[in-house]
Amino acid sequence: MSIQSAVSAAPATATVAAPAKPARPSLAARTRMALLVLVAVYPVITGIIYLVAPFTEGWPVWERNFVVAPLMVIAMVYFIIPGIQSRFGSFIATGRLA
């Protein structure tokens, strides 16, 4: 028996299982996360507006928002959301304070 015939005689039955879909957070967990984000974002956006206002006095609202929005997004993506998830992750998932 040659190697060629041995390889072609072997059945190709290897199957790859599809990765399982991650569990979707419950409505209660999403609500808790939204409320925590709101509580954290409100003082940050207020502070950013107070810091930017003297430099953008007399600007139209859309131009002022053009400056404020990137600052807020950076704060949310790199600081606020990860901080909430690391500090309140179990509360968000279960609704119980640990």
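## A buried arginine without a salt bridge

In this predicted model, R32 is buried but takes part in no salt bridge. The nearest side chain of opposite charge belongs to E63, and it is 41 Å away. A salt bridge would require a side-chain nitrogen of Lys or Arg within 4 Å of a carboxyl oxygen of Asp or Glu.

R32 is located in helix α2, which covers residues 27-52. Its side chain reaches the backbone oxygen of I92 at 2.9 Å. When neighbours within four places in sequence are set aside, the contacts of R32 are F91, I92, A93, T94 and G95.

## Overall architecture

The protein chain contains 3 helices and 0 strands. Read from the N terminus, its elements follow the order α-α-α. The chain has 98 residues, of which 16% are buried.

The accessible surface of the protein chain amounts to about 8,100 Å². Carbon and sulfur atoms account for 71% of that surface. Among the contacts in the protein chain with a separation of 6 or more, 60% are between residues 24 or more positions apart.

V41 is a residue of helix α2. Its relative accessibility is 17%, so V41 counts as buried, the cut-off for that class being under 20%. Apart from residues up to four places away in sequence, V41 touches M72, M76 and I80. V41 and M72 are 31 residues apart along the chain, and their C-alpha atoms are separated by 8.4 Å.

I81 belongs to helix α3. With a relative accessible area of 23%, I81 is partly exposed. Its contacts, leaving aside neighbours within four places in sequence, are M33, V37 and M76. A separation of 9.2 Å is found between the C-alpha atoms of I81 and L36, which are 45 residues apart along the chain.

A34 is placed in helix α2. A34 is partly exposed, and its relative accessible area is 45%. The C-alpha atoms of A34 and I92 lie 9.7 Å from each other, although the two residues are 58 residues apart along the chain.

## The loop between α2 and α3

T56 is found in the loop between α2 and α3. Is this residue, T56, buried or exposed? T56 is buried, because its relative accessible area is 2% and the class of buried residues lies under 20%.

A polar atom of the T56 side chain lies 3.0 Å from the backbone oxygen of V52. The residue range given for helix α2, 27-52, ends with the number of V52.

## A nonpolar patch on the surface

Which residues form a nonpolar patch on the surface? The patch consists of V73, I74, V77, Y78 and F79. Together these residues have about 560 Å² of accessible area.

F79 is one of the patch residues and is part of helix α3, which spans residues 61-94. The relative accessibility of F79 is 61%, so F79 counts as exposed, a class that begins over 50%. I81, in helix α3 as well, is partly exposed, whereas F79 is exposed.

Definitions and conventions:
Residues numbered from 1 in each chain as written. Predicted model: local features only at pLDDT ≥ 70, side-chain atom pairs only at ≥ 80, totals over all residues. Heavy atoms only, no water. Patch = residues over 30% accessible without salt bridge, like charges linked within 9 Å, V, L, I, M, F, W, Y side chains within 5 Å. Areas by Shrake-Rupley, 256 points an atom, 1.4 Å probe, with all protein chains shown as cover. Helix = DSSP H or I, 4+ residues; strand = E, 2+ residues; numbered from the N terminus. Buried < 20%, exposed > 50% of the residue type's maximum accessible area, 1.4 Å probe, protein only. Contact = heavy atoms within 4.5 Å. Lys, Arg positive; Asp, Glu negative; His and termini not counted. Polar contact = N/O pair within 3.5 Å; in protein donor to acceptor, adjacent residues only side chain to side chain.
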